[in-house]
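Take a walk through the model shown here.

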Amino acid sequence: MIKSTLTLLNSASVLSLIYFILIALYSGIRTSFLWFWPVLAVCCGVASLLLRYTNLHRTVMPWRILAPTLLVGIWTAFLILFITECAILHTATKEPEENVEYMIVLGAQVRGDKPSLSLQARIDTAAEYLAAHPQVKVICSGGKGRGENKSEAAAIRDGLLLLGIDPARIQMEDTSTNTVENLRFCRELLPTPCPSVLIVTNDFHCKRAGLIAKKCGYMDSSTLSAGQFLLTTPHYFLREFFALFKDFLVGNL
């Protein structure tokens, strides 16, 4: 058990550093949550050294207690992460509902005037569905943040127009700053009672977006995954693990 745990920790430490460098080169040093990876590498390295030391002195108190405690803690954390990621992946692979009245496209980062890769994937997926379902209306959601020359909603709208979506089908919500606000503010634009809604977001974000939607009063909602695989996709899947727990703790889910 100790040998396999050391292998896990050492591998995680090395791979985290390599992945950090790859993401920095691919997506830029300002990528959100990027510095998690070197922190993880250091934590895994320290845990590996500590486990080695406690194993060498496991007949001496308090190391005799600390060694099994470390093992249980490491594998419990790994199991929780694994189960949570399986739940996120399961939601991401669900087929969307067909007979919906409205679509909401959630915002993501705009770099200057250009949608980020994550946002462009949402736009492309939304446009494809809207083209196949001409009765569906769409709300573009997302405000304007730092480093953005236009709101995320405007970037989504412009992208949909370029892909041939009729402007008469498009509504705008351009003041929100996060997923909770996206869905709360869009709810105010929908008729009452709440119609069936399809929420378009990236695959890693579907689980959390669906749970937040239910909390916000969407009684008949489903998600459509923009499942384009990017180098940053594993990064965002792991970030969602922490985002889920944060939203649970603050009452957003």
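Contact here means heavy atoms within 4.5 Å. This is a predicted model, in which local features need pLDDT of at least 70 and side-chain atom pairs count only at pLDDT 80 or more, while totals for chains, interfaces and linings use all residues. Residues are numbered from 1 along each chain as its sequence is written, and side-chain values use heavy atoms, with hydrogens and water left out.

Begin with Glu148. Setting aside residues up to four places away in sequence, Glu148 touches Ala108, Gln109, Val110, Gly112 and Gly143. Glu148 sits in the loop between S4 and H5. Helices (H or I, at least four residues) and strands (E, at least two) are DSSP runs, numbered from the N terminus. Is Glu148 buried or exposed? Its relative accessible area is 6%, so Glu148 counts as buried. The cut-offs are under 20% relative accessible area for buried, over 50% for exposed, and in between for partly exposed (1.4 Å probe, protein chains only). Two backbone nitrogens face the side chain of Glu148. That of Val110 lies 2.8 Å from one of its polar atoms. That of Gly145 lies 2.5 Å from a polar atom of the Glu148 side chain. A polar contact is a pair of N or O atoms within 3.5 Å; within protein, one must be able to donate a hydrogen and the other to accept it, and residues adjacent in sequence count only if both atoms are side-chain atoms.

Now step back to the whole chain. It holds eight helices and seven strands. The C-alpha atoms fill a box of roughly 75 × 35 × 30 Å along the principal axes. Of the 253 residues, 48% are buried. Among contacts between residues at least 6 apart in sequence, 74% join residues at least 24 apart.

Next come the strands. Two strands pair if DSSP finds at least two bridges between them. S1 (residues 102-105) runs parallel to S4 (residues 137-141), joined by four bridges. S1 also pairs in the parallel sense with S6 (residues 197-202), again over four bridges. Met103 links to both partners: its bridge partner in S4 is Val138, and in S6 Met103 stands opposite Leu198. In a regular strand the side chains alternate between the two faces of the sheet. Both faces of S1 are covered: Tyr102 and Ile104 are buried on one side, Met103 and Val105 on the other.

S4 has a further parallel partner, S5, through four bridges. There Ile139 is bridged to Gln171. S4, H5 and S5 make a right-handed β-α-β unit. Right-handed means that, with the strands pointing away from the viewer, the path from the first strand over the helix to the second runs clockwise.

The largest one has 23 residues, of which Met103 and Leu160 touch the most other members. S1, H4 (117-132), S4, H5 (152-162) and S6 each give two or more residues to this core. H4 gives the most, with six residues. Apart from this core lies another, of 16 residues, among them Tyr102, Ile104, Ala213 and Tyr218.

Turn to H6 (179-189). Thr179, Val180, Asn182, Leu183, Cys186 and Arg187 are buried there. These residues lie on the same side of H6, because they cover an arc of only 160 degrees around the axis. That arc is taken from the directions from the helix axis to the C-beta atoms. Their cover includes S1, S4, S5 (170-173), S6 and H7 (206-215). At the start of H6, a side-chain oxygen of Asn178 reaches to within 3.2 Å of the backbone nitrogen of Val180. In the loop between H6 and S6 sits Pro193. The peptide bond from Thr192 to Pro193 is cis, with omega near 0 degrees.

Two stops remain. Asp247 lies in H8 (residues 233-250). With a relative accessible area of 2%, Asp247 is buried. Its side chain makes a polar contact of 2.9 Å with the side chain of Arg208. Phe33 is in the loop between H1 (2-27) and H2 (36-56). Phe33 is not a glycine, yet its phi is positive, about 70 degrees. At 28% relative accessibility, Phe33 counts as partly exposed.

Technical notes: Core = buried A, V, L, I, M, F, W, Y, C linked by side-chain atoms within 4.5 Å.
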